[in-house]
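Dear colleague,

I am passing this structure on to you, and my notes follow below it. Please read them with the model open beside you.

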Amino acid sequence: MKTRNSSHFDGLTIKTKLLRTRLLVTLLFGSGLLAVWLYVYSEKQQKLRQQRIQQLQRVALGQGSFSLLDHRGQRRTKRDFLGSWVLMYFGFTHCPDICPEELDKLSAVVSALDRDASLPPVQPLFITVDPERDDVPALARYVKDFHPRLIGLTGTSEEVKHAGQDYRVYASPGPKDEDGDYIVDHTILIYLISPDGLFLDYYNRTKDQEQITESIRNHVKNYIRL
């Protein structure tokens with residue numbers, strides 16, 4: 001014969017079992033929803049990657065490679081910088097004002113990004129459009145005035161021309177003066193290259209340091225590796 005206490009205990013046991021069953025059903029249902037959500041999210045991310053690839057391919061900037069000498073005389077190719085964020089500028093060491101100003105701005109941007117511990121380092125590159133005068137020693141002297149990680153790149157006329165054409169860089173030497181000096185008219189842009197080696201954005205002279213820094217910060221935080 002069951003006592004009142006034993007009946008009460010049996011009731012609690014049944015309620016506990018029912019509660020456990022409900023919890024189990026809830027967990028299984030929740031797990032199913034989570035699995036569905038993860039699948040949908042994965043599909044969405046894959047679709048975004050494909051759309052991004054198509055967009056970048058339509059831009060058709062920086063799709064090729066380059067092979068140049070750095071300011072230490074080492075052969076460098078585009079592949080050497082895969083996996084890194086790159087800020088790239090085309091100019092020449094005899095440029096009287098615009099190139100130094102843009103490289104100062106580029107250096108300030110890289111330094112500002114360096115101070116943000118949540119961001120990976122950005123590699124600054126300077127590619128000459130004047131290989132006739134900008135040999136390895138000239139670049140070595142020049143890059144010392146800017147960010148310590150700045151790499152200067154030069155090469156033969158054909159190598160430099162090929163690198164510039166890949167980013168649609170216009171470069172045209174002007175007439176020489178009586179001292180043999182001349183100015184090179186060229187595209188004035190800073191290019192942002194993703195770790196995949198693809199062009200992501202560009203910044204002209206109207207963009208200041210703060211605007212470029214914020215733009216790059218947003219690109220890095222929203223970046224989806226291909």
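Of the 226 residues in the chain, 38% are buried, where buried means under 20% relative accessible area, exposed over 50% and partly exposed in between, with a 1.4 Å probe and protein chains only. Please bear in mind that this is a predicted model, in which local features need pLDDT of at least 70 and side-chain atom pairs count only at pLDDT 80 or more, while totals for chains, interfaces and linings use all residues. Residues are numbered from 1 along each chain as its sequence is written, and side-chain values use heavy atoms, with hydrogens and water left out.

The chain holds 5 helices and 9 strands, taken as DSSP runs numbered from the N terminus (helices are H or I with at least four residues, strands E with at least two). Read from the N terminus, their order is α-β-β-β-α-β-α-β-α-β-β-β-β-α. Among contacts (heavy atoms within 4.5 Å) with a separation of 6 or more, 71% are between residues 24 or more positions apart.

Helix 2 covers residues 98-114, and its end C-alpha atoms are 24 Å apart, which agrees with the 24 Å that its 17 residues should span at 1.5 Å a residue; the expected span is 1.5 Å times one less than the number of residues. Its buried residues include Cys99, Leu103, Leu106, Val110 and Leu113, and also Glu102 and Lys105. Strand 3 (85-91), strand 4, helix 3, strand 7 (184-186), strand 8 (190-193) and helix 5 (209-221) are among the elements that cover the buried residues of helix 2.

Aspartate 130 sits in the loop between strand 4 (122-128) and helix 3 (136-143), and it counts as buried because its relative accessibility is 4%. Its side chain makes a polar contact of 2.6 Å with that of arginine 133; such a contact is a pair of N or O atoms within 3.5 Å, and within protein one must be able to donate a hydrogen and the other to accept it, with residues adjacent in sequence counting only if both atoms are side-chain atoms. Leaving aside residues up to four places away in sequence, aspartate 130 touches Gly91, Phe92, Tyr182 and Val184.

Helix 4 (157-166) and strand 6 (171-173) each supply at least two residues of the lining of the largest pocket; a pocket is an open set of points on a 1 Å grid over the protein atoms alone, where a 1.4 Å probe fits, with protein on both sides within 12 Å along at least five of seven lines, and lining residues have an atom within 4 Å of a point. Helix 4 gives the most, with 5 residues.

Best wishes
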